[in-house]
Protein chains: 2
Amino acid sequence: MADLDLMRELATEGKTRILLLVLDGLGGLPVTPDGPTELEAAHTPNLDALAARSMCGLSTPVAPGISPGSGPGHLALFGYDPLRYEIGRGVLEALGIGFDLQPADVAARGNFCTLDPKTGLITDRRAGRIPTEVGARLCEKLRQIRLPGVETFVEPVQEYRFLLVLRGKGLYDGLTETDPQQVGKPPLPVEPLRPEAAHTAELFNQWLAEARKLLADEYPANGCNLRGIARDPGLPQMPQIYKLRCGAIATYPMYRGVAKLAGMEVLPTGETIEDEVETLKAHWANYDFFFLHVKKTDSRGEDGDFEGKVKVIEHFDEVLPGILALGPDVVIVTGDHSTPAVWKAHSWHELPVLLWARYIRPDGVKQFGERPCMAGGLGHIHHVDLMPLAMAHAGRLTKFGA
Amino acid sequence: MADLDLMRELATEGKTRILLLVLDGLGGLPVTPDGPTELEAAHTPNLDALAARSMCGLSTPVAPGISPGSGPGHLALFGYDPLRYEIGRGVLEALGIGFDLQPADVAARGNFCTLDPKTGLITDRRAGRIPTEVGARLCEKLRQIRLPGVETFVEPVQEYRFLLVLRGKGLYDGLTETDPQQVGKPPLPVEPLRPEAAHTAELFNQWLAEARKLLADEYPANGCNLRGIARDPGLPQMPQIYKLRCGAIATYPMYRGVAKLAGMEVLPTGETIEDEVETLKAHWANYDFFFLHVKKTDSRGEDGDFEGKVKVIEHFDEVLPGILALGPDVVIVTGDHSTPAVWKAHSWHELPVLLWARYIRPDGVKQFGERPCMAGGLGHIHHVDLMPLAMAHAGRLTKFGA
């Protein structure tokens with residue numbers, strides 16, 4: 001694996017364009033042992049034709065057996081070792097709802113929970129999965145909590161989940177979670193993991209004490225926990241690492257947020273794949289690297305909707321010729337992880353990847369699918385290796401060593 | 001590679017069962033370039049049928065080119081990076097003879113050697129490979145050595161090899177070996193590699209001085225060396241890492257010992273593969289993970305007995321349906337390393353591996369053998385990745401990152 005320091009050392013300016021096309025949760029599984037995966041079942045004449053001119057392979061997002069969340073999956077695609085660079089859960093929650101997180105903010109994921117009114121012990125870590133409207137009303141209530149010297153933001157996310165952000169001077173991360181991860185125990189206090197975080201811990205604990213008073217009558221959501229208390233991780237920035245002007249096109253806030261953390265410029269777009277392609281065309285002249293994200297493959301996979309996932313892939317296939325007509329120098333098509341419809345969740349399975357560029361050795365793979373890609377010329381690779389390969393094929397990396 | 005800390009973080013309780021079937025030294029080589037390997041030559045209808053429903057591949061135990069001993073080969077299978085976690089030679093020698101090593105014991109492998117009576121220089125590092133009975137008599141003699149404040153154990157192993165264990169308070173490892181690794185030099189003193197081991201070094205040196213007096217008339221075994229002076233390495237324990245109740249079934253003490261060091265419960269069994277399968281059936285309900293070890297594939301390989309190794313593989317194939325009938329959720333079949341009959345020793349060659357579970361992509365491999373596995377869907381992997389893959393396929397790993 002070439003790390004980011006090596007990339008920074010070898011990257012050169014250029015006129016070539018790299019296109020990273022990410023179908024979220026692309027990898028799948030057959031329903032019956034002899035059956036096709038979602039991608040294999042889909043009618044994809046354009047992807048297949050591109051595969052026939054490309055190098056294909058199977059890629060591991062993080063490590064064998066590891067099912068990545070959206071953060072690690074995308075960091076790996078952007079060339080960041082996801083075991084080294086982590087985005088805290090609180091930050092991801094903020095990105096997911098499009099909250100405008102500032103570098104010095106400290107963000108926590110909040111979970112409403114049920115406490116036994118007599119003992120104070122947790123009886124349900126998700127407060128009976130209260131409806132989103134109830135969560136929103138409770139967040140409204142919690143907004144009245146004031147802390148000395150800092151601003152607080154409480155935003156509903158979904159059902160029992162919310163976002164808490166503290167903004168002000170002298171705030172630090174390095175804090176423990178309050179969720180004991182099992183029922184029958186009380187919520188834990190926030191503890192500092194390093195001395196400079198002591199004051200921030202105290203603020204979170206003050207907030208929690210107030211919150212519990214305000215929630216006392218709100219059974220089953222009469223308590224709450226804070227998880228993944230974190231700051232913007234201050235990632236090395238892609239434009240500096242790769243000497244690329246990077247544009248990100250995504251319909252969901254989470255992916256725009258991760259791209260922004262990595263230093264990409266987020267390009268405003270609409271709701272559909274067609275909107276995303278239009279955005280790509282409109283900004284084609286202004287960037288050297290585009291990350292274009294298709295969300296619904298993952299959504300249908302999580303729903304367990306094999307046919308629905310097939311249709312999203314086929315939809316993407318239809319717009320592909322219009323994308324390729326822009327004349328990119330390097331095209332990668334893959335996903336951030338697998339989301340097999342039969343598994344209904346992110347999974348650890350390798351996922352198909354295709355790399356097209358001028359200077360490749362076509363490998364005889366004629367169909368873009370998991371099994372055909374097993375025999376591809378890229379072999380079994382890792383997501384973090386894709387950006388160095390893209391850079392090399394774009395003629396944007398100088399020689400290493402004399 | 002997902003390390004043990006990551007496994008500990010992601011592992012969850014479950015009801016699924018993982019079965020790790022290890023044919024020691026499974027990997028082989030063809031006798032003539034066009035010929036089959038031992039596994040390919042064997043008639044294995046049951047393994048082949050399982051392979052056809054599985055993902056297959058070739059796995060490297062430690063690193064390309066490295067021929068592992070039994071310790072590293074098995075540690076890697078259990079998910080421990082064998083370059084990071086080491087079991088000292090003295091400890092392995094103790095495990096190999098079924099010595100009940102305690103965590104605070106310090107164990108050394110002893111080698112009887114021949115010293116020139118006049119100069120005291122080593123003339124034969126193996127004392128002319130004295131018969132095992134002679135070694136046993138000499139050990140009996142050495143048992144009379146008394147050291148202040150510690151108990152000593154001297155156990156014959158084979159020919160010129162023996163085990164020396166010191167038991168008592170305040171003993172440390174971190175000690176040099178006495179064997180200069182060449183003839184024409186004197187045995188070296190035991191030296192401490194860290195200050196707290198100084199007293200232990202002194203005790204070993206006292207023991208050696210006494211031993212040399214007692215052996216003076218025992219030409220050609222008129223001297224001895226100590227190697228690999230070590231303690232129980234205090235490995236992280238599998239039940240805590242993986243949240244699995246782990247049972248080990250092996251006919252040889254060495255493998256039971258390594259399993260025990262890793263935190264498995266060693267299940268009493270007999271001498272044959274059939275005995276091992278009976279043990280597996282008897283304990284099926286009580287464990288989530290079973291390590292079942294077949295020794296004789298390696299023994300026949302070391303003997304250079306190609307046909308004998310084929311027969312052991314065929315024997316295993318016959319009992320396989322009875323094992324699969326138990327209904328495991330994940331099955332891995334592989335070995336700890338290759339022991340090709342033509343090489344007559346542990347070797348560095350990748351070895352075939354098969355992973356069966358519900359959530360896989362069958363890869364078209366129809367025969368369990370080295371060449372068919374080259375085209376398998378697991379590709380070329382590493383032993384340390386097998387446990388994370390087994391855990392994932394058993395549904396026992398949560399998502400990494402949000």
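Colleague: Before we start, when do two rings count as an aromatic pair?

Modeller: Rings of Phe, Tyr and Trp pair if their centres lie within 6.5 Å. For Trp, the six-membered ring is used. Planes over 60 degrees apart count as edge-to-face. Keep in mind that this is a predicted model.

Colleague: Okay. How many aromatic pairs are there over all chains?

Modeller: The search of the whole structure finds 17. One of them joins A:Y80 and A:Y85. Their centres are 5.5 Å apart, with 90° between the planes. That pair is edge-to-face.

Colleague: Are those two buried or exposed?

Modeller: Both A:Y80 and A:Y85 are buried.

Colleague: What about A:F99 and A:F153?

Modeller: They form an edge-to-face pair too. The distance is 5.4 Å centre to centre, and the planes make an angle of 70°.

Colleague: Where do A:F99 and A:F153 lie in chain A?

Modeller: A:F99 is in the loop between helix 5 (89–96) and strand 3 (106–115). A:F153 belongs to strand 5 (residues 151–158). The pair therefore ties together parts that are 54 residues apart in sequence.

Colleague: And why does A:F99 count as buried?

Modeller: Its relative accessible area is 14%, and buried means under 20%. A:F153 is buried as well, at 18% relative accessibility.

Colleague: Which residues form an aromatic cluster?

Modeller: A:F112, A:F162 and A:W207 form one.

Colleague: Switching to charges. Where does A:R358 lie?

Modeller: Over the face of A:Y359, 4.8 Å from the ring centre. In chain B, the charged end of B:R358 sits over the ring of B:Y359, 4.8 Å from its centre.

Colleague: New topic: A:T114. Where is its place?

Modeller: A:T114 is in strand 3 of chain A. This threonine is buried, at 3% relative accessibility.

Colleague: What does the side chain of A:T114 reach?

Modeller: The backbone oxygen of A:P220, at 2.5 Å. Leaving aside neighbours within four places in sequence, A:T114 has other contacts, including A:L121, A:D124, A:Y219 and A:N222.

Colleague: Last one. How many cavities of 30 Å³ or more are there?

Modeller: The count comes to one. The volume of the largest cavity is about 30 Å³.

Colleague: What is the largest cavity lined by?

Modeller: Chain B residues, among them B:I18, B:L77, B:F289, B:I332 and B:M387. Strand 1 (18–23) and helix 14 (386–393) of chain B each give two or more residues to the lining.

How values were computed
Residues numbered from 1 in each chain as written. Chains lettered and ligands numbered in written order. Predicted model: local features only at pLDDT ≥ 70, side-chain atom pairs only at ≥ 80, totals over all residues. Heavy atoms only, no water. Phe/Tyr/Trp six-rings, centres within 6.5 Å; stacked < 30°, edge-to-face > 60°. Buried < 20%, exposed > 50% of the residue type's maximum accessible area, 1.4 Å probe, protein only. Helix = DSSP H or I, 4+ residues; strand = E, 2+ residues; numbered from the N terminus. Lys NZ or Arg CZ within 6 Å of the ring centre and 35° of its normal. Polar contact = N/O pair within 3.5 Å; in protein donor to acceptor, adjacent residues only side chain to side chain. Contact = heavy atoms within 4.5 Å. 1 Å grid on protein atoms, 1.4 Å probe; cavity = no way out; pocket = protein on both sides within 12 Å on 5 of 7 lines; lining within 4 Å. Points joined across faces, edges and corners; volume = space filled by probe spheres on them.
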